[in-house]
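Please keep the sequence and the 3D view open beside it while you read.

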Amino acid sequence: MKCLLVASESVDLLFYWTDREFEQNLQEQYGVTHEEGHKPPAFEDRISTQFAPIIISCSSMIDKIDDCYTSFTTENNHIYVLHQFDECLYIAVNGDGDEKDEDLRRKIYVMKKLMEVHFGVVTLSSTHLRKELRPQDTDQRNRLWKKLQGLLGTYNQLREQDQSFLVEAVERLIHPTLCEQCIEFLERRLVHQINNSVERAGEEVLHAFILVHTKLLAFYSSRNASTLTSSDLLALILMVQNRYPSSELEDQLSEHEENTLVPEVFYTPEPSPTSGASGASSGEESQTPIFQFVDPDIQMAEDSLHTLEVPPPDPANPSRVFLEATIKEGFCPMMPHNMYSLQLWPGITLVLLTKIPNSQVAISVYYFLDTLASLEKRLSEGVEGSSAPRSPLPLHDLRSKMDKFIRALSVSDAQLVSQLQSTWAEFKHKAFSRGGPGVSKELLPCCRNMKMQLCGLFRQCFVLKSTENLQRLAPSLQERSLALVQEKLVDWKDFLLVKNRTAGQMIAPSFNVTDHSTSELGKGPLAHFIKSKVWSLVGTARHYMQKGYSTATFRDGDYYFCYFLWFENETGYKLDVIDLPLLPDDSAPIGMLAWDYYRKLLRYYSKYHNGEVVKCYELLTMHLGVIPSDYVLQHCCQLARKLWEPSRIPLL
């Protein structure tokens, strides 16, 4: 029994996702005891009523003591994990024992990451984020929530079945010749052709990569592109897999959907048509309801979701995504891009990430937001008054750049620009005029107002404008690109889909042990048992990392588990071991998708090795317990050396 929801302090439900058991539980509570002649409340009302006491108590605690509980367990052993991001409260629940506090906390952070990729800088303003998550138009809200529910449902399935999402690492296919040929092809043929075409409507391909299910076959970035972070790449792979599910994932989702109850319909976006042995489903079967109310007479309230048939997305329409970028013009952690997902064949997808016109506005907006946040922090800490030095504060630089930025704005919403100008004029009057208070805490409301106006500008420029109504890569150009890559890979198609042993960022035998997959463990109870042990090993290793350990060896029944984390320089020389930083129990979970822990760890370690490129590696092994520990450790050292030899492929 699982649930995740996002709510505002005023108990407005901004988003929710539940499984079938949770829905049934709420239905039993509210669907049977309603008075005769009165219909039971809609599901959204039920879930709001269920969680209202928790949300209100959290808001009260924050108001009174500026703190709140982060988790609790009820008498019936239901686990609740809570996290407050600005003015939005995330609550994750598990009632079947499948998930622990750490799993629920990870799910919350993954949901936050998906919202950042989906809404960009808008997530920095609770006011505008609430407008995006709960639009007044019911149909629009319905479509949005179904999209986010589909992404979270796909993540849950992938983390349960896919090793790369278990450890949050990018998996790559090993075939040096094919990989190098594909990279060269992406650079010299595909990206070159698109970026020199008059049909690209001002867009420029920055990154192009080919996926085989969730595995990376080839990756190319243009010379003027920023590095695509592993966190963003994993999020994009998740989005592609949600749009074009692998056959095993599709079967699992279908099995879940067939067991559901009610006429209030939620489903993941319809997958592209497939045929033959690759897992075909008719158009009727691909419309996949997840739950239905038993009572057929239920009428949905105006502010709750209702049944809506959503057609499959047009492949020619890109998805707007917001990714970290550092370019010569500046840094933006949520730079707008367009993502084109073009399915070559079922299981193999070409992904193009393009730079969109007017993206410079996003860099400027983030610069101003970051500067104002820094100023707000310093003012809150007491840097104020006439005696406070003005030069260390970035006010004068901010003034000239903001004036220039507002003059150059060409936004269709004149009222938005007018509001920004008015708010900025008030800020300048207080900060710079002789009659104003200068650098003081009286600037704090102006800082907050400016931040809200800037987030509103970002929302208008990059979020509200649907990609369906904007210029984009012409469908004919996309079709030619698709045909080019299909021609390149047609002779390799069957090889790629069958020979699915993976390597690269993560090196491991296949543990996919569903009935439709090929696993090096085989099938049956033993394969499932070993898989569950390995999944448990990963969780235990992360627990020790959180406590500051870089090495752990322990027994579990008849098995011996080992975990190692070490650092090397660019030449492969092993560097000195250091104590890992300790993390509090309620910290963001270790990983790269939910929170890029390893990048922060590398920055921490690099302080002790200035001028060197430092790399971080992990090794997890499982041996039979009858093997002497000395042999186990010796084998781990040998394995670490051997695994690295075949995977030195310049993909990322």
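The points below take up a strand pairing, a helix, a sheet and the cysteines in turn.

1. Before anything else, please bear in mind that what you are looking at is a predicted model.

2. I would begin with strand S5, which spans residues 88–94 and is mostly covered, since seven of its seven residues are buried. The covering applies to both faces of S5: Cys 88, Tyr 90, Ala 92 and Asn 94 are buried on one side, and Leu 89, Ile 91 and Val 93 are buried on the other.

3. Strand S1, made of residues 2–8, pairs with S5 in the antiparallel sense over seven bridges, and within S1 and S5 you can find Lys 2 standing opposite Asn 94. Strand S4, residues 79–85, also pairs with S5 in the antiparallel sense over seven bridges, and here His 83 stands opposite Tyr 90. S4 and S5 form a hairpin with two residues between the strands, in which Asp 86 takes a positive phi near 55°.

4. Next, please turn to helix H11, which covers residues 395–408. With its 14 residues, H11 reaches 20 Å from its first C-alpha to its last, close to the 20 Å expected at 1.5 Å a residue. Its buried residues are Leu 395, Leu 398, Met 402, Phe 405 and Ile 406. Seen down the axis of H11, these buried residues fall within an arc of 90°, so they line one face of the helix.

5. What does the buried side of H11 pack against, and which exposed residues does the face turned away from it carry? The buried residues of H11 pack against helix H10 (360–380), helix H12 (414–432) and helix H13 (444–463), whereas the face turned away from them carries the exposed residues Lys 404, Arg 407 and Ala 408.

6. My last point concerns the cysteines: how many disulfides does the structure hold? The number is zero, where a disulfide would be a covalent bond between the sulfur atoms of two cysteines. For Cys 446, the closest cysteine sulfur is that of Cys 447, and because the two sulfurs are 7.2 Å apart, they are too far from each other for a bond. Cys 446 counts as buried, with a relative accessibility of 2%. Cys 636 is likewise in no disulfide, and its nearest cysteine sulfur, that of Cys 562, is 4.2 Å away. Cys 636 is buried, with a relative accessible area of 2%.

Definitions and conventions: Residues are numbered from 1 along each chain as its sequence is written. This is a predicted model: local features need pLDDT of at least 70, side-chain atom pairs count only at pLDDT 80 or more; totals for chains, interfaces and linings use all residues. Side-chain values use heavy atoms; hydrogens and water are left out. Helices (H or I, at least four residues) and strands (E, at least two) are DSSP runs, numbered from the N terminus. The expected span of a helix is 1.5 Å times one less than its number of residues. Buried means under 20% relative accessible area, exposed over 50%, partly exposed in between (1.4 Å probe, protein chains only). The arc is that of the directions from the helix axis to the C-beta atoms. Contact means heavy atoms within 4.5 Å. A disulfide is a pair of cysteine sulfur atoms within 2.5 Å. Two strands pair if DSSP finds at least two bridges between them.
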